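Subject: Structure handover

Hello,

Here is the structure for your files. My notes on what was found in it follow below.

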Amino acid sequence: MTVPKALHVLRATCVIAGGAIAVDGGRIVAVGPAAEIAAGYSGRQVLDAGGGLVIPGLVNAHGHAAMVPFRGIADDLRLMQWLQEYMFPAEKKNVTAAFVKAGTELAALEMIRSGTTTFVDMYYFEDQVAEACDAAGLRGVLGETLIEFPAPDNKTIPEALAYADAFLKRWAGHPRVTAAVAPHSTYLATPETLKAARALADRYAAPILIHLSESADEQKTVLDRHAKTPTEHLRDLGILRKGVLGAHGIWLTDGDRRILREAEVGIAHCPQSNMKLASGGAPVRQMLAEGLRLGLGTDGAASNNDLDMFEEMATAAFLAKHIAGDPTVAPAGSVLEMATLGGARALGMEDRIGSLEAGKRADIVVVDVRAARMTPMYDPVSHLVYAAKGADVRHVVVEGRIVMRDRAVLTLDERAVIARAAALAARVTASLRP
């Protein structure tokens, strides 16, 4: 396959005007000027970029896809109140395997239509998340949650570990689905559970996903219990290594960041969710300056309330500048990298995804530049971060397969997906009545 007629192709660290990409067997084989690619390659299939911006697929580094049916049921609340009084009870009443499958399909539809090609997920019934991810043609790093209370899918930690073991075994070697282990956090997973999670993940060379320093309450709880920060606690338990991804990182100390950098642990920054829940502002300026493996995520739609990574990029830039009182912090290029190659680095997958380079997987997005808000365009990187929206995405390719062409999603029945989600919404509404 070839992708010609691009206004600009954004490669690893440069912009190619009038570029093109050649793809074979799910991998990028060449990136360069259109004339050069046309002279060297002849594709059986051609995806016309139509003068758009060709960029790496976006990496949503933290979320809970199946929570999309809970979008908007509880807003304007602090994190712990939101979790304990609304989300945990709503999940207890509603979350089943069928709910997770239908919710993930809706999330996949939203993500494809807004340019996300890889998403990171922590939830329950993760087998159903993986099935929906596979059917949609997306790439996913998907973690089965371990939590210290009866969950919708597994009522005890031994049951959850057994489920996670079977989940890791089932999806081992899949080209797009990477199974992971996801202890919820240092305050909702005991030291024994955390060590069991590390042992299980090591057995399969799998990632570990965890919420980390998301709120001041979490920080205080862990300090009171263990006289350590959450990061120090994980270090002393032997949990930290490359392939561990901590979500949020709002309350990381200087020492925490040093520990995480040395252990090559990734961090997923979720600015919109953090702002909505007033959880605080992550030290993005410091994390960028110190070279942490920093990606960008939306979190779940129940606390965002959408999965648009273009919105997340703009918010990440603006929030970092506001907190620092310095408009030079988090420039557009750095934030675009957070949403692409930064997310790949956070996952330890920078050798496979995150940039348009020969040898990497062919995860490609074409952004239309014909909208009024995209005109005029002096700097394509600036426009991608500060002006573009998910609705500007025209084509999406994952692993060399076209999953959306001219805004039409080819892997999901959009009307059926939305209808199933509407049926779930009616059930959720009924469950919330006193």
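Helix α6 (residues 191-204) packs against helix α8 (residues 230-237) at an angle of about 60°, and their axes are 10 Å apart. Axes here are lines fitted to C-alpha atoms, for helices over the stretch in contact, and angles run from 0 to 180 degrees between N-to-C directions. The angle makes α6 oblique to α8 (under 35 degrees counts as roughly parallel, over 145 as roughly antiparallel, 65 to 115 as roughly perpendicular and the rest as oblique). The crossing of α6 past α8 is right-handed; a crossing is right-handed if the near helix is turned clockwise from the far one by less than a right angle, and left-handed if anticlockwise. On the α6 side the contact is made by P191, L194 and K195, and on the α8 side by H233, L234 and L237, where contact means heavy atoms within 4.5 Å. By class, the residues of this contact between α6 and α8 are 4 nonpolar, 1 polar and 1 charged. Ala, Val, Leu, Ile, Met, Phe, Trp, Tyr, Cys and Pro count as nonpolar, Asp, Glu, Lys and Arg as charged, and the others, Gly among them, as polar.

Before you go further: this is a predicted model, in which local features need pLDDT of at least 70 and side-chain atom pairs count only at pLDDT 80 or more, while totals for chains, interfaces and linings use all residues. Residues are numbered from 1 along each chain as its sequence is written, and side-chain values use heavy atoms, with hydrogens and water left out. Helices (H or I, at least four residues) and strands (E, at least two) are DSSP runs, numbered from the N terminus.

Other helix pairs

α8 also packs with helix α9 (residues 254-263), at an angle of about 40° and with the axes 9 Å apart. α8 and α9 are therefore oblique to each other, and α8 passes α9 in a left-handed crossing. T231, E232 and R235 of α8 make this contact with D256, I259 and L260 of α9. The contact of α8 with α9 divides into 2 nonpolar, 1 polar and 3 charged residues.

The axes of helix α3 (residues 97-113) and helix α15 (residues 414-432) come within 9 Å and cross at roughly 130°. This pair, α3 and α15, is therefore oblique as well, and α3 passes α15 in a left-handed crossing. From α3, the residues F99, A102, G103, E105, L106, L109 and R113 take part; they meet E414, V417, I418, R420, A421, L424, R427 and V428 of α15. The residues of the contact of α3 with α15 comprise 9 nonpolar, 1 polar and 5 charged.

Strand β9

Strand β9 (residues 139-146) is largely enclosed by the rest of the structure, because 8 of its 8 residues are buried (buried means under 20% relative accessible area, exposed over 50%, partly exposed in between, with a 1.4 Å probe and protein chains only). Both faces of β9 are covered: R139, V141, G143 and T145 lie on one side, and G140, L142, E144 and L146 on the other. Strand β8 (residues 116-123) runs parallel to β9 and is joined to it by 6 bridges; two strands pair if DSSP finds at least two bridges between them.

P175 is in the loop between α5 (157-171) and β10 (177-183) and is exposed, with a relative accessible area of 51%. C-alpha to C-alpha, P175 and L307 are 24 Å apart in space, and they are 132 residues apart in sequence.

Backbone points to check

Which residues are joined by cis peptide bonds? N304 and N305 are, with omega about 20°, and so are T375 and P376, with omega about -10°. N305 lies in the loop between β14 (293-296) and α12 (309-324). P376 is in the loop between β15 (364-367) and α14 (380-386).

H248 has a positive phi, near 95°, in a residue other than glycine. H248 lies in strand β12 (residues 244-248) and counts as buried at 0% relative accessibility. Phi of A330, also not a glycine, is positive too, near 50°. A330 sits in the loop between α12 and α13 (332-347) and is buried, with a relative accessible area of 3%.

Regards
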